[in-house]
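Here is a brief report on helix packing, salt bridges and a surface patch. The structure comes first.

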Amino acid sequence: MNASEFRKRGKEMVDYVADYLEGIEKRQVYPDVEPGYLRPLIPATAPQEPESFEAIMADVERVIMPGVTHWHSPNFFAYFPTASSYPAMLADMLCGAIGCIGFSWAASPACTELETVMMDWLGKMLQLPEAFLAGSAGEGGGVIQGSASEATLVALLAARTKIMRQLQEASPELTQAAIMEKLVAYSSDQAHSSVERAGLIGGVKLRTIPSDSKFAMRGSALQEVLERDKAAGLIPFFVVATLGTTPCCSFDNLLEVGPICNQENIWLHIDAAYAGSAFICPEFRHLLNGVEFADSFNFNPHKWLLVNFDCSAMWVKNRTSLTGAFKLDPVYLKHSHQDSGLITDYRHWQLPLGRRFRSLKMWFVFRMYGVKELQAYIRKHVQLSHEFEVLVQQDPHFEICAEVILGLVCFRLKGSNQLNEALLEKINNAKKIHLVPCHLRGKFVLRFAICSRTVESAHVQHAWKHIRELAMQLLQEERE
């Protein structure tokens, strides 16, 4: 494909994408395929001779689309949202064209410097404490990770390195192995499974702290477990506080947990993967109060801030805590500015070496929407979730299972877990909308998350009508 054909095919692809997104509501939200459906539809080996663009695009509809779960359909209410917007898609095209691998400042100065500035822009939108911003001479700063799971692991490994160095400086006879077997990390029993995975990869024990009646980790519960572990000769070193948990969007109590972590010399990492986007709205910013106690903070603009995947924003108060854990400088990566103190080499802030020019997506989205339009988008989703909450509350057959704070409603039919499992099966088998469940205190609960950029009140009303009809069918069957 030469430049002339690329121009032609590029325009066709933009038309295809626009048509797909404009017509996505007409497509069945969840596919009718079985595992292994795709292999028989394509050859067993790659073609020896070139094939036409037309043939490939025909196969997109024949092979790919029948197996796609349409995350951006206004009938998709599962998991949490994944962001999508036209400005971000255009920026991704430019990122692909520039094609730099931005592991160091020298590898592409614009790639590094735009990321630093965009992370400061976003930090200011959230009103993060100054300590988290790079500014022109700050000790903190932000970095784009691939996912919140990556950010949690990076923070845990940095915290592990920091505590090991502190202990070995104080007691040089201590071996790494002796320290490792005593290190303990902590999170709420509502924390994401990626926290547990980070503990497994990091080779440390992980304790889960029982949450309170609102599914939040409280300071007293954390303190009790810390005291018990310290009495047993263990070394608490890392706490993950979640703001907007995956099961029910609950919020750990930062104002209680934060001071304890600071007093005990424990690294506090905040995971706000979903909820963090809402903190750009003044009325939701109080949910982030206590961030000043944290060592690192992370959320995903690629969930709810119209920046396409992948873009997970992570800030640290002290960047040397990260670079101290990951810094390696082989001669082939060195450059003349690396020790100047004027630049950032992001390879020292992350697990992979290579990195894409992801900050272009933030730059395009922030400029083409503006903060006010992004705030309006968040508010609309929250308003729609409360609209669904009211519909549920008006029906005596149903109950709300957790406080509705942002864009997630947890609800269920009053009755057994088996009844609710059957309801969810009916909903997802019908494939008109798509939901996923969670467990809260032993109860099987349905999650209704406002996800699509194009979702409107009519879609929420239609979804509720559909859920209610299926529930009444189910209750009728139960009676018979």
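## Helix crossing

H5 passes H7 in a right-handed crossing. The model is predicted. Helix H5 spans residues 148-170 and helix H7 residues 193-202. Their axes lie 9 Å apart, at an angle of about 40°. The two helices are therefore oblique to each other.

## Salt bridges

Side chains of opposite charge can pair when their charged atoms come close. The count here comes to 25 salt bridges.

Lys214 pairs with Glu403, with 3.9 Å between the closest N and O atoms. Lys214 sits in the loop between strand E3 and helix H8, and Glu403 in the loop between strand E8 and strand E9, so the bridge ties together parts that are 189 residues apart in sequence. Lys214 is exposed at 58% relative accessible area. Glu403 is exposed too, at 51%.

## Contacts of helix H12

Glu283 and Arg379 meet in a salt bridge at 2.6 Å, N to O. Arg379 belongs to helix H12 and Glu283 to the loop between strands E5 and E6, so parts 96 residues apart in sequence are tied together. Glu283 is partly exposed at 36%, and Arg379 is partly exposed at 34%.

Lys380 bridges to Glu456 at 2.9 Å, N to O. Lys380 lies in helix H12 and Glu456 in the loop between strand E11 and helix H14, so this pair links parts 76 residues apart in sequence.

## Network and patch

Glu5, Lys8, Arg9, Glu12 and Glu54 are linked in a salt-bridge network.

Met1, Phe6, Val14, Leu90 and Met93 form a nonpolar surface patch, with about 530 Å² of accessible area together. Helices H1 and H3 each give two or more residues to the patch. Leu90, in helix H3, is partly exposed at 44% relative accessibility.

Definitions and conventions. Residues are numbered from 1 along each chain as its sequence is written. This is a predicted model: local features need pLDDT of at least 70, side-chain atom pairs count only at pLDDT 80 or more; totals for chains, interfaces and linings use all residues. Side-chain values use heavy atoms; hydrogens and water are left out. Patches are made of residues with over 30% relative accessible area and no salt bridge: like charges are joined within 9 Å, nonpolar side chains (Val, Leu, Ile, Met, Phe, Trp, Tyr) within 5 Å. Accessible areas come from the Shrake-Rupley method with a 1.4 Å probe; for residues, only the protein chains shown count as cover. A salt bridge is a side-chain nitrogen of Lys or Arg within 4 Å of a carboxyl oxygen of Asp or Glu. Helices (H or I, at least four residues) and strands (E, at least two) are DSSP runs, numbered from the N terminus. Buried means under 20% relative accessible area, exposed over 50%, partly exposed in between (1.4 Å probe, protein chains only). Axes are lines fitted to C-alpha atoms, for helices over the stretch in contact, and angles run from 0 to 180 degrees between N-to-C directions. Angles under 35 degrees count as roughly parallel, over 145 as roughly antiparallel, 65 to 115 as roughly perpendicular and the rest as oblique. A crossing is left-handed if the near helix is turned anticlockwise from the far one by less than a right angle, and right-handed if clockwise.
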